[in-house]
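Hi there,

Here is the structure I promised to pass on. Have a look, and my notes follow below.

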Amino acid sequence: MKPATAAKKLGVYLPATPAEFQASPITRADLDDLRDDPPAWLVELRRNGPFPRDVVAQKLGISRSGLARGGVTDALDADQIGALIADPPAWLEHERTVHREVLAEEARLKELS
């Protein structure tokens, strides 16, 4: 598989991975090995980032679209996410409310079907 696909499956930001990971195709066996016995670089990326947008959105409790509406276009690391959580700006509070409402509506619709 392509390195971008492998990075997505591992939940890491591709540009932050080592060059050798980015340069060569990853087999399913390689991916399983990375999951079962992650190297130090993978452990560090998963712990401190930078994180891909979907992970950032999940950690902040908003959607990826909400992240874009808030003006966050780059990957964020754990310290940046922590700062946003500790002192949330108005856009983050608004997007959290919107996200909760959307999830509640989706759950309501699922119950009806």
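A salt bridge here is a side-chain nitrogen of Lys or Arg within 4 Å of a carboxyl oxygen of Asp or Glu. By that rule, the structure holds three of them.

A word on the source: this is a predicted model, so local features need pLDDT of at least 70 and side-chain atom pairs count only at pLDDT 80 or more, while totals for chains, interfaces and linings use all residues. Residues are numbered from 1 along each chain as its sequence is written, and side-chain values use heavy atoms, with hydrogens and water left out.

R69 counts as exposed because its relative accessibility is 53%, whereas E95, at 6%, counts as buried (buried is under 20% relative accessible area, exposed over 50%, partly exposed in between, with a 1.4 Å probe and protein chains only).

The other pairs are E105 with R108, whose closest N and O atoms are 2.7 Å apart, and R47 with E44, at 3.7 Å. E105 and R108 sit three residues apart in α8, about one turn of the helix.

R96, also in α8, is buried but has no salt bridge; E93, its nearest side chain of opposite charge, is 4.1 Å away. A polar atom of the R96 side chain does lie 2.9 Å from the backbone oxygen of L60.

Best wishes

Key: Helices (H or I, at least four residues) and strands (E, at least two) are DSSP runs, numbered from the N terminus. Lys and Arg count as positive and Asp and Glu as negative; His and the chain ends are not counted. A polar contact is a pair of N or O atoms within 3.5 Å; within protein, one must be able to donate a hydrogen and the other to accept it, and residues adjacent in sequence count only if both atoms are side-chain atoms.
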